[in-house]
Amino acid sequence: MGCDGGTIPRRDELVRVKKKPEAKDKDFELAFQWRCCYLSQQVLQSPIVMCGLGHLYNKIGLIEGLLNRATLPQGVKHIKSLKDVKNLNLTPNPEYKSKDEKKEGGVDTRSAPYICPVTGLEMTGKYRFVGLWSCGCVFSERSLKEITGNVCHKCQKEYNNEDVVVLNGNEEDFVIMKKNIENRQQKQKQEREKKLAPKPATVVSKTECASTSQIKSESLPQIAPTAAVRGVVKREGSTEALKEKAKKVKKDYSVAKDPQASDVYKSIFTTHSSEKQQNRAHWITYNPFYN
């Protein structure tokens, strides 16, 4: 059988067996989910947003995808606008080092760029994290269970159980979060309908109108009606003033003959008697009487 020389063949060398599929590295898969955008597959960079199903996105990459919806994958079709996503308020990890601070060729997947602000757990995927749809703050699921109350531990805003979104959850979480998305959409529709609905007109009876009019008449002081109150506005002396202005426009008008002008005002002009009785010309202005 060609086994000369004392070689002993193994079973896998003689019998062809189906190859087993390569097992995925769970740690690498978790690191990819929590550090890369669900749409563009690029490293997460602020601003970071989440959808109602708990997937993480780069906001800039998501906007570019929404502009060309034909290229969006099926898993992102539920996002129709930026109203379907929420900006995340993440807590940075002080021990995390960026690529620039690390040594050449060094890859450290143990530390995460973000942590829980309450427990200090790193957001690497080993622990379950949740985001609040009401405010966008992110916590570990352990911290929400340990601390009672429906108030955010970071920004002190209230939230409901429907506002809790599990980040990168399993299939059971997806079923619950889909129901929460539908409930939120129904609430938004109801609020819009309330705003757009016309307010009902209040019908007031005759007796109520009479009573209110009597109360107002008794409370207000009685004032004698004037011309302005009746709607007729009279301008006293308007015709006389117009006649006087018309007289001043005529050629034969003279300030010296005007009875309303004062003597001081008349002395300015050459028609005044004091100007006519001068023996010599004025030293500043030209006097037409001395040519």
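Helices (H or I, at least four residues) and strands (E, at least two) are taken here as DSSP runs, numbered from the N terminus. The structure is a predicted model, in which local features need pLDDT of at least 70, side-chain atom pairs count only at pLDDT 80 or more, and totals for chains, interfaces and linings use all residues. Residues are numbered from 1 along each chain as its sequence is written, and side-chain values use heavy atoms, with hydrogens and water left out.

We can start with the backbone. Most residues other than glycine have a negative phi, and most peptide bonds are trans. Against that background, N168 has a positive phi, near 50 degrees. N168 sits in the loop between β8 (164-166) and α5 (171-196). With a relative accessible area of 18%, N168 is buried (buried means under 20% relative accessible area, exposed over 50% and partly exposed in between, with a 1.4 Å probe and protein chains only).

The loop between α2 (26-35) and β1 (48-51) holds P47, and Q41 is found in the loop between α2 and β1 as well. Phi of Q41 is positive, near 60 degrees, and Q41 is partly exposed at 42% relative accessibility. S46 and P47 are joined by a cis peptide bond, with omega about 0 degrees.

L14 belongs to helix α1 (residues 11-14) and is exposed, at 63% relative accessibility.
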